[in-house]
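Hi! Here is the structure I said I would pass on to you. Have a look at it first, and then read my notes below.

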Amino acid sequence: MKYVTLNNGVQMPLLGFGVYQIPPEQTERAVTEALAAGYRLLDTAAAYGNEEAVGRALAAGGVPREELFVTTKLWVQDRPAQDNARRAFERSLTRLGLDHVDLYLMHQPYGDVHGQWRAMEELHREGLARAIGVANFHPDRLVDLDINNEITPAVDQIETHPFFQRTADHAFMRERGVQLQSWGGFAEGRNGLFSNPLLSGIGARHGRSVAQVVLRWLVQRDIVAIPKSVRADRMAENIDVFGFELTDDEMTAVAGLDTGASLFFDHRDPVMAERLGGVRVDT
Ligand code: NAP
């Protein structure tokens with residue numbers, strides 16, 4: 001496994017396993033199989049409803065805690081956000097059965113983000129979260145959070161895949177020392193990703209699958225990827241991307257697939273800000 005070094009010196013695996021949309025009753029088995037396949041970075045969230053199942057798999061998995069990199073996420077909190085965020089973190093930690101997490105992310109750029117962030121800063125200072133970061137923050141929101149607080153987010157986890165490549169956002173994050181982590185690296189299969197002719201052709205040249213080409217393309221750009229699968233064969237396939245390299249021409253060809261637009265929704269859409277920002281989980 002390759003690692004990236006975050007802006008506070010913490011080492012993070014370049015490839016991990018995401019558990020969004022894995023039902024709680026399937027999650028323990030999936031994470032157990034992912035650990036067996038060699039994954040050490042696990043990405044969950046309070047909003048996914050499966051932290052307890054992740055925790056059970058980690059407890060039974062026998063992998064030393066210091067080898068694991070566990071991420072969970074804070075959902076939008078009611079005011080006072082700072083107090084509520086701490087309580088939400090404590091509930092997540094209890095469900096995971098851990099005494100600290102490796103990365104705690106603010107899940108959405110909504111609500112009292114500064115109050116939530118200050119609670120996260122405290123958790124970090126107390127050693128309860130080795131690194132803190134955000135998700136779904138566009139550069140303007142990232143700057144606003146950064147300049148009004150003490151700790152620069154270590155990570156921004158955003159939708160990033162061949163049809164929405166985030167090249168400018170990536171360059172911006174690099175300048176500010178923020179690590180880009182891709183969610184939806186396969187675009188959840190949308191837009192015919194797994195049968196895309198260009199990606200299939202590149203895969204054929206290397207004797208690799210489209211999934212492997214996409215993940216290789218991400219990690220070759222130093223983007224942390226967290227593919228999700230409930231199938232052990234695909235977990236093994238998805239982690240096996242460090243034994244080949246895409247050529248410069250192939251990277252350039254994949255760059256041509258970028259549409260510059262989300263295949264899900266734009267977090268700056270006011271309708272979504274109101275709808276998602278109004279959702280409460282785990283209160
Ligand atoms: P994804 O990883 O882009 O795609 C998952 C889909 O691809 C599933 O349908 C899976 O099916 C299929 N798949 C996986 N490996 C495959 C392979 N080798 N060949 C063919 N199909 C394959 O989607 P995602 O789960 O949305 O994103 C990944 C992770 O990012 C999530 O699990 C979550 O941890 C994180 N995430 C974060 C946010 C956020 O707001 N911060 C939002 C979305 C996701 P099977 O399971 O049937 O194999």
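**Two crossing helices**

The axes of helix α7 (residues 197–206) and helix α8 (residues 210–220) come within 8 Å of each other and cross at roughly 95°. That makes α7 roughly perpendicular to α8, a label used for angles of 65 to 115 degrees, while under 35 counts as roughly parallel, over 145 as roughly antiparallel and the rest as oblique. The axes are lines fitted to C-alpha atoms, for helices over the stretch in contact, with angles running from 0 to 180 degrees between N-to-C directions. On the α7 side, Leu 199, Ser 200, Ile 202 and Gly 203 meet Val 210, Val 213 and Val 214 of α8; contact here means heavy atoms within 4.5 Å. Sorted by type, the residues of this contact are five nonpolar, two polar and no charged. For that sorting, Ala, Val, Leu, Ile, Met, Phe, Trp, Tyr, Cys and Pro count as nonpolar, Asp, Glu, Lys and Arg as charged, and the others, Gly among them, as polar.

Before you go on: this is a predicted model, so local features need pLDDT of at least 70 and side-chain atom pairs count only at pLDDT 80 or more, while totals for chains, interfaces and linings use all residues. Residues are numbered from 1 along each chain as its sequence is written, and side-chain values use heavy atoms, with hydrogens and water left out. Helices (H or I, at least four residues) and strands (E, at least two) are DSSP runs, numbered from the N terminus.

**Helices with a buried side**

Which residues of helix α5 (residues 139–147) are buried? They are Leu 142, Leu 145 and Asp 146, where buried means under 20% relative accessible area, exposed over 50% and partly exposed in between (1.4 Å probe, protein chains only). These residues cover an arc of only 100° around the axis, which puts them on the same side of α5; the arc is that of the directions from the helix axis to the C-beta atoms. Their packing partners are α4 (113–125), β7 (129–135), β8 (155–159) and α6 (167–176).

Now try helix α11 (residues 270–277), whose buried residues are Met 272, Leu 276 and Gly 277. Looking down the axis of α11, you find the buried residues within an arc of 110°, so they line one face of the helix. The face turned away from that buried side carries the exposed residues Pro 270, Glu 274 and Arg 275.

Ser 182 sits in strand β9 (residues 179–183) and counts as buried at 2% relative accessibility. A polar atom of its side chain lies 2.9 Å from the backbone oxygen of Thr 160. Beyond its neighbours within four places in sequence, Ser 182 is in contact with several residues, including Ile 158, Leu 218 and Val 224.

Arg 166 is in the loop between β8 and α6. Is Arg 166 buried or exposed? Arg 166 is buried, with a relative accessible area of 8%. Leaving out residues within four places in sequence, Arg 166 is in contact with His 138, Ile 158, Glu 159, Thr 160 and Leu 180.

Not counting residues up to four places away, Met 251 touches Trp 217, Gln 220, Arg 221 and Leu 246.

Most residues other than glycine have a negative phi, and most peptide bonds are trans. Gln 21 is not a glycine, yet has a positive phi of about 70°. You will find Gln 21 in the loop between β3 (17–18) and α1 (24–37), exposed at 52% relative accessibility. Asp 222, also not a glycine, has a positive phi of about 65° and is partly exposed, with a relative accessible area of 39%. Finally, a cis peptide bond joins Arg 79 and Pro 80, with omega about -5°.

How values were computed. A polar contact is a pair of N or O atoms within 3.5 Å; within protein, one must be able to donate a hydrogen and the other to accept it, and residues adjacent in sequence count only if both atoms are side-chain atoms.
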